[in-house]
Amino acid sequence: MRALVCLPTYNERENLEPMVRALGEQLDTTRDRVLVIDDNSPDGTGAIADTLARELPWVEVLHRGGKEGLGPAYIAGFRHALAAGAELVLEVDCDFSHDPKDVPRLIAACAAGADLALGSRWVAGGGTVNWGKGRTLVSRGGSLYARTILGVRVRDLTGGFKCFRRAVLETIDLGAIAAKGYGFQIETTYRVIRAGFSVVEIPIVFVDRRVGESKMDGSIVVEAMLQVPALRWRALRGRL
Ligand SMILES: Nc1nc2c(ncn2[C@@H]2O[C@H](COP(=O)(O)OP(=O)(O)OP(=O)(O)O)[C@@H](O)[C@H]2O)c(=O)[nH]1
Ligand SMILES: [Mg+2]
C-alpha cells in the first residue's frame, strides 16, 4: 500500500459520503486507502461509513466506542495504518476544510523527500476563507505562541492536514502522546522535529465548514496553551 488517509468523524453524516468520493478521485485507489475512524457518532455516520466500505474496496472503517477526541482517534488510525503496511499516512478533516484536491500535493512532497508534509495556512500562498477575526487570532496567535515557546520554524503548528512517512510514525512514541485537540497536532509535529525528521509546509487555503457542527471548544484551546510549555519543559529535560 502506498498511502492511507485517516478520516476521523464525529457527526459528519452530510459530509462523509461526498468527502470519501472526492478523496477517491484524488487517490490511486489501486494502492491507496481511506480509513474512516468513527467515535460512535450519534447521527449514524458510522453506518454510512459501513455502507461505503461495502461498496468501495479501498474504504475501511474503524469503529470506536465513544467520543474521546481527535488525538486518540488518530493514534488508533496510525496504528492501523502501520499494521496494514502503509508507506504514507495522512490526516484529513471530514468537513471539506481540507480540500481533497490538495492531497496529491502533500503526497508529492513526501515522495520528493519530506518526512512530514504539513498543509499550511500561514506560509506564502496559504490562507483561510470565511474566517472571522476571532478565529484568525486564535489560529495565528496559537501557532506564533507555540512556535516561539518550542523554538521551531514551522508556521502552522495547529493544522490537521498532514502526510507522514511511515518511519516517522514508527519512531515517535505514539503511546506517549496525551493531547486530544489542537494540542495533538502541535505535539506530533514537535516530536517529529525533535526526532530529527524533515518537515515541509505546503500552502493550503482552509475553508470553513459548510455543513455540520464544529467540535471545537474553549477547553481544546486551553489544553493546547497549557501543553506547549509542558512539552518544552519535557524536551529540555531530555524526556521527549
Ligand atoms: N473520531 C473522532 N473524530 C472527531 C472528534 N472530534 C472531531 N472529529 C473530527 O475531526 C475533524 C475536525 O473536527 P472539526 O469539528 O471540524 O474541528 P475543527 O476543524 O477544529 O473546527 P471547525 O473550525 O469548526 O471545523 C472532523 O472530521 C470531525 O468530525 C472525535 O472526538 N473523534
Ligand atoms: Mg473543521
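Predicted model: local features only at pLDDT ≥ 70, side-chain atom pairs only at ≥ 80, totals over all residues.
A polar contact is taken here as a pair of N or O atoms within 3.5 Å.

Start with the backbone. Pro8 puts a backbone N or O atom 2.8 Å from an oxygen atom of ligand 1, so this pair falls within the 3.5 Å limit. Ile37 also uses its backbone: one of its N or O atoms there sits 3.0 Å from a nitrogen atom of the ligand. Asp93, by contrast, works through its side chain, with a polar atom 3.3 Å from an oxygen atom of ligand 1. As for cover, ligand 1 taken alone exposes 630 Å², and the protein buries 94% of that.

Where does ligand 1 sit? The space it takes up is the largest pocket. Two elements, strand E1 (3–9) and helix H3 (70–84), each give two or more residues to the shell around the ligand. That shell counts 20 residues, and those that come nearest are Glu12, Asp95, Arg135, Arg209 and Ser214. Sorted by class, the shell around ligand 1 splits into nine charged, eight nonpolar and three polar residues.

Then there are the aromatic rings. Searching the whole structure turns up six aromatic pairs. One of them joins Phe78 and Phe164, with ring centres 5.3 Å apart and planes at 65 degrees. The pair counts as edge-to-face, because the angle is over 60 degrees. It ties together distant parts of the chain, as Phe78 belongs to helix H3 and Phe164 to strand E7 (residues 162–165), 86 residues apart.

Methods
Residues numbered from 1 in each chain as written. Chains lettered and ligands numbered in written order. Heavy atoms only, no water. Near = heavy atom within 4 Å. Polar contact = N/O pair within 3.5 Å; in protein donor to acceptor, adjacent residues only side chain to side chain. Areas by Shrake-Rupley, 256 points an atom, 1.4 Å probe, with all protein chains shown as cover. 1 Å grid on protein atoms, 1.4 Å probe; cavity = no way out; pocket = protein on both sides within 12 Å on 5 of 7 lines; lining within 4 Å. Sits in = over half its atoms within 2 Å of the grid points. Helix = DSSP H or I, 4+ residues; strand = E, 2+ residues; numbered from the N terminus. Nonpolar A, V, L, I, M, F, W, Y, C, P; charged D, E, K, R; others polar. Phe/Tyr/Trp six-rings, centres within 6.5 Å; stacked < 30°, edge-to-face > 60°.
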